[in-house]
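Please open the model in a viewer and follow the stops below in order. Each stop states what to select and what is found there.

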Amino acid sequence: TISELQSQWSNPSDVSTILMIIGGDVVRGALAQSTGTWFTPVCFSFGWVSYAFIALIHVIGDGRLLPPPDYPVTLINLKSGYARDNKNWVIGRLLRDGEAYVERKKPLEEDGIRISVFEALQRPTGSDKTKFLFDRSHLYGLGVMLVQLTIASIPVILNREWGVLFITGAGTLLAQIAGALPQWRAEKLPNRQHSSEIYALTTGNGSKSVMVIMGRGQCLDLEEFSVSDTPRNGRPWEKFTAFSKPRKHPNVDLKFHKTGTEIRKSRAALGLPYGFLVTRVASVVLSILWLLLLINVAAVKDSTWYLLLVGAIGMFQNGILAAMERPPTTRNIPLRHAETITAKKVMDGLMDFEITYNCGRPLLNQFFPGELRPDEKDWWNGNQDPYDKVREDQKYRGVPRR
């Protein structure tokens, strides 16, 4: 037994093959975080073989590459009053990271509610509706890839064994191809990108934190985004000039939406959009290539510690990238933090928000769906003095806004 353990620890040849088929969900999360540019900072790691088949199953099934949301969000249009449950991964992360940012700036402590107001800014990508920008995560990813390739080169230098370097290089190339698929951008951006609506994002009734975004004609349409169509349909591809064409109306000379964007129609073949066909073909080819790479991993009998080290570094990088906070600019939703409204009582906070922005009633319906007390009902009907007087007398509740 001791000799077998010594042999396994000196050259763990079978472990690499087993590890290559776990961790697919982590890779999927890392891709969801960072795709959109021609270079994807998701390193080669154990888990890519598993992810390749997860992606293939979903592309054949619901047609999506993005994972389902991992943070619950109720999205409310404060102008129309309509509320809906979010079904988009990006919006879930937008609220999660926004709450973490505000918590550092203004901790909740003993407050009953915290309403953080943000204003949408002009996107640095300009008029390009499918463009993302590079950020520090891309630089970190590139650095980790260079470290992996350097480690994989050591067996070549010492023993002229190039198997580990070949596997690392091929895995890195396949990872870049998977991250460069245009469907990532199709799913991570809505068609309408100049919204003037006012959105409230919260985890639901009972939450102590609300994130409000003033569109100002510069925000992505979060209502469309939260229930975006599957890429199996043509609509998500209409923002790509390469995968769509101008839509012609037989009776109306209508070429532009009221927001100024051109009305387009996706190109299709075999009943599917061109862009989605690219994803399907690429997913099949990539799953086959990853399976072949797995066979090559099993063939490496020497220098397996180097391969394990390369894969382990990639796993940690993928996990950190999948879980890390990212600023809203990286999601093409640049925001400026305007103010944070806090109150000891939820009703007081909603009233302060209503006085300041005149759009708090949808939040009232969300947080207080039942019958209001008489003084609260009078306040929302315009008779605010009695309620405010009681609030002023109770010093711990703070001074009401006028």
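A salt bridge is a side-chain nitrogen of Lys or Arg within 4 Å of a carboxyl oxygen of Asp or Glu. With that in mind, select Asp348, Asp352, Arg391 and Arg397 in this predicted model. These residues are linked in a network of salt bridges. Side chains of opposite charge can pair when their charged atoms come close.

**The whole chain**

Next, display the entire protein chain, which has 15 helices and 10 strands. Its C-alpha atoms fill a box of roughly 85 × 65 × 35 Å along the principal axes. Of the 402 residues, 50% count as buried.

The structure holds 23 salt bridges. Select Arg104 and Glu325, whose side chains meet in one of them, at 3.2 Å from N to O. This pair links distant parts of the chain: Arg104 belongs to helix H5 (residues 89-105), while Glu325 sits in the loop between helix H11 (304-323) and strand S10 (335-343), 221 residues apart. Arg104 is exposed, with a relative accessible area of 55%, whereas Glu325 is partly exposed at 36%.

Move on to Arg192 and Asp221, where the side chains form a salt bridge of 3.5 Å, N to O. Arg192 lies in the loop between helix H8 (183-188) and strand S4 (198-202), and Asp221 in the loop between strand S5 (209-214) and helix H9 (222-226), so the pair ties together parts that are 29 residues apart in sequence. Is Asp221 buried or exposed? Asp221 counts as buried because its relative accessibility is 12%, and buried means under 20%. Arg192, at 42%, counts as partly exposed.

Then select Arg373 and Asp375, which meet in a salt bridge of 3.7 Å, N to O. Arg373 is partly exposed at 41% relative accessibility, and Asp375 is partly exposed at 29%.

**A patch of positive charge**

Now select Lys245, Lys248, Lys265 and Arg267, which gather in a patch of positive charge on the surface. Lys245 lies in strand S6 (residues 244-246) and is partly exposed, at 37% relative accessibility.

**Strand S8**

For the last stop, select Ala268, found in strand S8 (residues 268-269). Leaving out residues up to four places away in sequence, Ala268 touches Pro273 and Tyr274.

How values were computed. Residues numbered from 1 in each chain as written. Predicted model: local features only at pLDDT ≥ 70, side-chain atom pairs only at ≥ 80, totals over all residues. Heavy atoms only, no water. Helix = DSSP H or I, 4+ residues; strand = E, 2+ residues; numbered from the N terminus. Buried < 20%, exposed > 50% of the residue type's maximum accessible area, 1.4 Å probe, protein only. Patch = residues over 30% accessible without salt bridge, like charges linked within 9 Å, V, L, I, M, F, W, Y side chains within 5 Å. Areas by Shrake-Rupley, 256 points an atom, 1.4 Å probe, with all protein chains shown as cover. Lys, Arg positive; Asp, Glu negative; His and termini not counted. Charge placed at Lys NZ, Arg CZ, Asp CG, Glu CD. Contact = heavy atoms within 4.5 Å.
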